[in-house]
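This report describes one protein chain for a reader who is new to structural terms.

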Amino acid sequence: MKKTMKVIGITFLVFTILLSGCVSNNKQGNEQGNEETNDLTNNTANQENDIIQSNETSDDSNAEKKGIMIFGGSRYDFGSEIIQTLDGGYIIVGYTGSFGNGDDDVWLIKTDANGREQWNRTFGGVKEDRGFSVQQTSDGGYILAGYTYSYGAGSYDIWVIKTNTIGEEQWNKTFGETSLDKANSIKNTNDGGYILTGITDGWSIDGYVFLLKIDSAGNSQWEKTYGGFHTYDYGVSVTQTQDNGYMIVGRHEKAPHSLNWYNWLVKTDANGNEVWNKSLSDESLYSICQTADGNYVISGCGGISLTKIAINGTELWTKSYGKISYECGKSVRETSDGGYIIIGNIMNDNEDICVIRTDASGDEIWNRTFGGPNYQYGQSVQQTTDGGYILLGYERDIWLIKIDKEGNTEWT
Ligand SMILES: [Ca+2]
Ligand SMILES: [Ca+2]
Ligand SMILES: [Ca+2]
């Protein structure tokens, strides 16, 4: 039934892939984290699903969609983050409204190097459960983070799931209390554990950025919160720094979803103690990574922005590659030559996926857009071992695109 509905959905949509340009300028950011631990005892629904990849359908109207692998069912399905795996394939985390146990479920999809699904699993209960961040672990398995409304202490809780190499759950943990707690980002740490950021103790008028350190078994080692008193603050992205500390990109809002807000950087030591914090720009920042020179780049909105920050928080430069404030760079990564690759969305006739390759100074080398009718958004990007890039985006379904080092699509 789901399969049938999906095929209908695919044939109904006529896409054109545009290979044209975004203008230039940039920034980035992402991540998650949180608080206390409540062990779940096998309340995780772990299902395998039969999903459809649209380039396996034979519909003439899809001819121009060649090169894009599509995953999804009849409802909204969203891809949050992608990474290349040790076997040369890819792992995607996101959430699905089409499959699973009800409302959204966390969705984990493993593909081979050609983007062909090897397996997928859903995690969740009857309520809303979403995945935002994934890392491959040293044992070849995966660690996922997001939130669950199905389990935990009440309202949303931070949710961390550890799987083996084929996506079977080994353990999961919820962190939070009766208020709103959500993880946006998880990263491996040098000690074999994990670091998360997001929001904790969120109520109608306030919330705190959190940094949660867990060990390799998911036990909380420490947790710290920042901001939050009569403000609505949350962490978007975290990265471990070369000094074994952490850098968080977050938001500081006078009230939830208010227009009175700013981006907020928090640098901590290895134990989460704040070293400095700084407010930055008035356009949303999404993704941060530390660069080989010890500084940071952050991607964000404001016409797809890229900002380079010194290790002490000083802004070194900002570039913008788009034209409109709500064109956003959702993810940035450093490339092997010291440049950057950014993915986000750009306005043509409507929203399209946009990827921008820059040099080390943030000057654009090339850009590509992928889209057509309807709205497409770019979400996550990574340089691959062959020097090309893997792109993750979404429309109503998850889009997976492989491009070479010049930005040409590779899959047929
Ligand atoms: Ca669910
Ligand atoms: Ca909660
Ligand atoms: Ca769908």
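Helices (H or I, at least four residues) and strands (E, at least two) are DSSP runs, numbered from the N terminus. The model is predicted, and local features are reported at pLDDT of at least 70, side-chain atom pairs only at pLDDT 80 or more, while totals for chains, interfaces and linings use all residues. Residues are numbered from 1 along each chain as its sequence is written, and chains are lettered from A and ligands numbered from 1 in the order in which they are written.

**Two loop residues**

Asn374 is placed in the loop between strand S28 (364–370) and strand S29 (377–383). A residue is called buried if 20 or more other C-beta atoms lie within 10 Å of its own, exposed if 12 or fewer, and partly exposed in between, with C-beta atoms placed from the backbone. Asn374 is partly exposed because 13 other C-beta atoms lie within 10 Å. From C-alpha to C-alpha, Asn374 and Asp349 are 9.3 Å apart in space, and they are 25 residues apart in sequence.

Most residues other than glycine have a negative phi. Asn374, although not a glycine, has a positive phi of about 70°. Ser155 is another residue other than glycine with a positive value, its phi being near 50°. The loop that holds Ser155 runs between strand S10 (142–148) and strand S11 (157–163). Ser155 counts as partly exposed because it has 16 C-beta neighbours inside 10 Å.

**The chain and its core**

The chain has 1 helix and 31 strands. Of its 412 residues, 55% are buried. Two residues are in contact if their C-beta atoms, placed from the backbone, lie within 7 Å. Among contacts between residues at least 6 apart in sequence, 57% join residues at least 24 apart.

A nonpolar core is a set of buried Ala, Val, Leu, Ile, Met, Phe, Trp, Tyr and Cys residues joined through C-beta atoms within 7 Å. The largest such core has 91 residues, and those with the most contacts inside it are Leu144, Ile248, Ile342, Val355 and Leu391. Strand S15 (residues 208–214) contributes the largest share of this core, 6 residues. Which residues does Leu144 contact, leaving aside its neighbours within four places in sequence? They are Val93, Val106, Leu108, Gly131, Val134 and Ile161.

**Paired strands**

Two strands pair if DSSP finds at least two bridges between them.

| Strand | Partner strand | Bridges |
|---|---|---|
| S13 | S14 (residues 194–202) | 7 bridges |
| S17 | S18 (residues 246–253) | 8 bridges |
| S21 | S22 (residues 296–300) | 5 bridges |

Strand S13 (residues 180–188) is largely enclosed by the rest of the structure, because 8 of its 9 residues are buried. Leu180 stands opposite Gly202 in S14. S13 and S14 form a hairpin with 5 residues between them, and Gly192 in the turn has a positive phi of about 90°.

One open sheet of 4 strands has the order S17-S18-S19-S20, with antiparallel pairing. Strand S17 (232–240) and strand S20 (274–280) stand at its edges, each with a single partner strand, so one side of each lacks a neighbour in the sheet. Neighbouring strands of this sheet are turned by 20° against each other on average, direction ignored. Such angles run from 0 to 180 degrees between N-to-C directions, and the axes are lines fitted to C-alpha atoms, for helices over the stretch in contact. Met247 in S18 is the bridge partner of Thr239.

An open sheet of 4 strands also has the order S21-S22-S23-S24, again with antiparallel pairing. Its edges are strand S21 (285–290) and strand S24 (315–320); each has a single partner strand, so one side of each is left without a neighbour in the sheet. Ile288 has Ile298 in S22 as its bridge partner.

**Confidence**

The predictor's confidence in each residue is given by pLDDT, from 0 to 100. The chain has a mean pLDDT of 85, and 82% of its residues reach 70 or more. Over residues 1–45 pLDDT stays under 50, and the model has 193 contacts beyond four places in sequence for them. Residues 54–64 also have pLDDT below 50, with 21 contacts in the model beyond near neighbours in sequence. Where pLDDT is low, the predicted coordinates should not be read in detail.
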